[in-house]
Every structure is written in structure tokens, then in C-alpha cells.
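Try each task before reading its solution.

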Amino acid sequence: MKIETNQNSLQLEPKASDSFTSTGFILAAIGSSVGLGNMWKFPYITGMYGGAAFFLIFILCLALVGLPILLAEMVIGRGGRGNAVSSFHNLSKTKWWGYFGFLSVLSAFAIMGFYAVVAGWTMNYAFTSLTGNLFENPDYTASFLSFAGGNMPIFWTIITLIITCWVVAKGVAGGIEKFNKVLIPGLAVILVILMIRALTLPGAGEGVEFFLMPDFSKLTAESALVALGHAFFSLSLGMGAMLTYGAYTSKKQSLGKAAAAVAGGDLLYAFVAGLIIFPTVFSYGIAPGQGPGLAFMALPAAFAAMPLGNLFGFLFFFLLSIAALTSTVSLVEVPNAYLMERFKWSRAKSATIVTLIIFAISIPASMSMGILSDNLLFGKTFFDLLDFVASNIFLPIGGLVVTLFTGYAWKRAGEEAGLSGFWYNAWMFCLKYIAPIMVIVIFLYSIGIIKF
Ligand code: PHE
């Protein structure tokens, strides 16, 4: 296969309004990666798949597969200076790469379809913790199910989408960067307050032990695959988010350092989320392996029993909402950047159209918890199908395209990444061998072709 790179694109700098400052880029990328994945999904899968042993495998997956692909996405974006499709076209004459890039645009719609609904749930929980309504009915499972199955989530989904659209429409420097610069440090402050509260609860030690003392007998092949899949989702990989943000950075930015900071930041937020959730659930005698309901069904019981529980409940769900919003902004930017360039639309027009399409998808997703819960497609509700198709099919394919493109096709990746010697070789080794093999294995496993 002969690849010719477009040399000119390597020189371009974006316009000031379309570019991040160096810290802005790192904060926006951390904003994309830190989300419901860290605060809602990571604790419950850790609870289900073996506690600390799972956490260690997750760290390994982040380092060997996540970090190399993260850097590759940033490098393709900055090298190609385009969106998830055109960056590939700008770097290679082979059209196919870009066609696969188009999957990223579809993944963003599919993920947003359910992610915006869950983000809406967190906002409702923040609000009702504050007013105290959340604690009216002590059967938190029943109240979650009746809430999620009703119409209220649609209202909160609309709020999520309006805020996201507004930030995206304000642009890269004036919207996305400003939003993340305020919220990501704010998130850290709330996280520390909640961590101190959780660690000083009576019996917190047991939760910490569950989270940090590995018991390898609980580890299965399935937990390793779940850890790998989660490393992907948590770092926002395989769907062009980091690629799209990468296109807005200056040539002066060290992408290697930025990628390390983002992966480290993502891990730190997940770690602290674990130090909040496990001590809290153990302290109130709640089982940690409850699955997706952990945050919505188990934690309210703990907050209800805690002094100043309203306030801590509010802080916790507010934290989740903010983490979710900095991720939804990056999800919307992927199709937004594509449509703006493809159809020469203004940012505001493109952001509005993307938001309306997502809204249309999110309605049946939200109703999957209620009146559409019996309407199954391939044995899944619409909500679960969006998650399944995006996380288990589109993201791995997207990730594979990135590893193969950077590892085999595009020869100037090392130069763009500013890597040489040992780090370049280590990066290439992961991209050429470890990451594609691992990604193919999770892909085949998650669509049921291999079983353990
Ligand atoms: N990384 C985000 C999280 O952990 C989710 C996400 C996935 C965001 C893909 C953007 C793209 O919640």
C-alpha cells in the first residue's frame, strides 16, 4: 500500500479562536475523559469484577493500550488538522481510513443518545438531593425505576443538551476551553471534599480494603476484557474525540506529555471516585457489586443516613453532572466539527442540528426504561443497544483504525508526536502489536465470537 502524506498540512496552525492554549487543551482532554465512566461505571464494574485486582488490570490496560492510542489520536488530529474524517484524508491518499473515521461520527451520536439521558438523571438527583425530595421514599430502587421510566428524564436530557450545545456553539477558545478551565479544577475540589467525608465515616476502612487489597482469585478472563473495554471508554478513545481536540492544539504542545497527563488525570479521578464510593457503601452496609444501580439506588440510602446528607448527596450528584457535561461537549464536537467542515455550516448551525438529532435519539433511549422497556431489538432495549453497538462494535473498530494507521500506514507519526529513541519504539511496539491484538480480542469477545 502506498501512502503519500500531505506535507503542507504539517505546517498549519489553527486560528486563535479555533485553538486551545496548552493548559486549555490538557484540561479539555481531561474533561472529555473524566465522566460518568469514572464516577458511575468504574466503581460498579470494580465492585462486580473483583475490587483491587480489577483495578490493577485496569491500570495495565490504560498504560499499554489506552495511552498509546490516546497519543495516536491526538497526533493524527494535529497532523491532519481536520475532523475525525478529514484528518485521515489530509494525511493519506487512501480514502478508506477516512471512511472508517466516519464511524466515529456515528459513534458520537449513538453514545450521546444514552449518555445524555444518564447525565440528565444525575442532574435530577442533584436537584432532588438538595430539595430533600430524593429521601422521601426510602425504597430507592423503586423510586429510581419509577423516575427513570417516567417523563422527567426527558426534561433533564433537554437541559443537558442545551448546555452542551451552547458551550460547543461558543467555539473552541471561547466555549470549550473556558468551560473546562473552570469546571475541571472545580471538580477536583468537590472530589476532595467528598473523599474526606467518605474516609472519615465509621467502618470506612473495610471499603478501602475492598478497593485496594487485591484478591487475584476473583479475577477472570472476563474481568480483564471488561477492564480493557473500560480503558477505552474512559479515555474517550475510538471515536475521534481526542483526534478532534488534537486538531486544535499548537505545534508547540508536547503531545506525549499531554497524553500522559490525561491518562494520569483520568486514573486519578477514577481512583478518588473509588475512595468515595466504597467506603460509603461499606460504611452503610450496602453490597458493592450491585451493578449500574450502585450510584442511583445504593448511594441515596447512605446519604439519607448521613449527617448533612442532603448537602453531600447534592455535591456527589452535582459532581457527576459536571463530569458528564465536560464529556458531552467533546462528544458533540466530533459530529459538529465534521458537519461544519463538510457542509460549510456555521458553528452555531452545526451544533444546533447535531443537538436536535441527538435529542431525537435520546427520546426512545429514555423511554427504554419505561413504556418501551418491552420493545426489544436483538434482545436489547434501544438504550442498551446504543451502548452495545457503540462501546462494543464501533469503538473497537475506531481504535483499531487508529492503531493500524499510526503503526503501519502513516510514516511521520513519530515526528508529529515529537518522539524518538526508546519512547518512540515503545509507542510503536504497543501500536503495532499489543493494542491491535488486544482490541481484536475484546471485539470478538464482546460480540460473542470467543468465549471464556
Ligand atoms: N470518557 C467518558 C467517560 O468516562 C465517556 C466518553 C466516551 C466521552 C467517548 C467521549 C467519548 O465518561
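**Exercise 1. Find what holds the ligand, and work out how much of the ligand stays uncovered.**

Start with the nitrogen: a nitrogen atom of the ligand sits 2.8 Å from a polar backbone atom of phenylalanine 233. Before going on, a word on what you're looking at: this is a predicted model, where local features need pLDDT of at least 70, side-chain atom pairs count only at pLDDT 80 or more, and totals for chains, interfaces and linings use all residues. Residues are numbered from 1 along each chain as its sequence is written, and side-chain values use heavy atoms, with hydrogens and water left out.

Next, the oxygens. A polar backbone atom of leucine 36 is 3.1 Å from an oxygen atom of the ligand, and a polar side-chain atom of asparagine 38 lies 3.4 Å from an oxygen atom of the ligand. A polar contact here is a pair of N or O atoms within 3.5 Å; within protein, one must be able to donate a hydrogen and the other to accept it, and residues adjacent in sequence count only if both atoms are side-chain atoms.

Now the cover: taken alone, the ligand exposes 320 Å², and the protein buries 100% of that. Those areas come from the Shrake-Rupley method with a 1.4 Å probe; for residues, only the protein chains shown count as cover.

Last, the surroundings. There are 14 residues around the ligand, and the closest are Ser33, Gly37, Tyr115, Phe233 and Met239. To count as near, a residue needs a heavy atom within 4 Å of the molecule or strand.

**Exercise 2. Track down the salt bridges and say which parts they join.**

Searching the whole structure turns up five salt bridges. The test is a side-chain nitrogen of Lys or Arg within 4 Å of a carboxyl oxygen of Asp or Glu.

Take glutamate 416 and lysine 251, whose closest N and O atoms are 3.1 Å apart. Glutamate 416 lies in helix H17 (residues 413-417) and lysine 251 in the loop between H11 and H12, so this pair ties together parts 165 residues apart in sequence. Glutamate 416 counts as buried at 8% relative accessibility, while lysine 251, at 25%, counts as partly exposed.

Then try arginine 347 and glutamate 333, with closest N and O atoms 3.0 Å apart. Arginine 347 is in helix H15 (residues 347-367) and glutamate 333 in helix H14, 14 residues apart. Both arginine 347 and glutamate 333 are buried.

Finish with glutamate 415 and arginine 412, which meet at 2.5 Å, N to O. Glutamate 415 is exposed, with a relative accessible area of 57%. As for networks, salt bridges that share partners join Arg78, Lys251 and Glu416 into one.

How values were computed. Helix = DSSP H or I, 4+ residues; strand = E, 2+ residues; numbered from the N terminus. Buried < 20%, exposed > 50% of the residue type's maximum accessible area, 1.4 Å probe, protein only.
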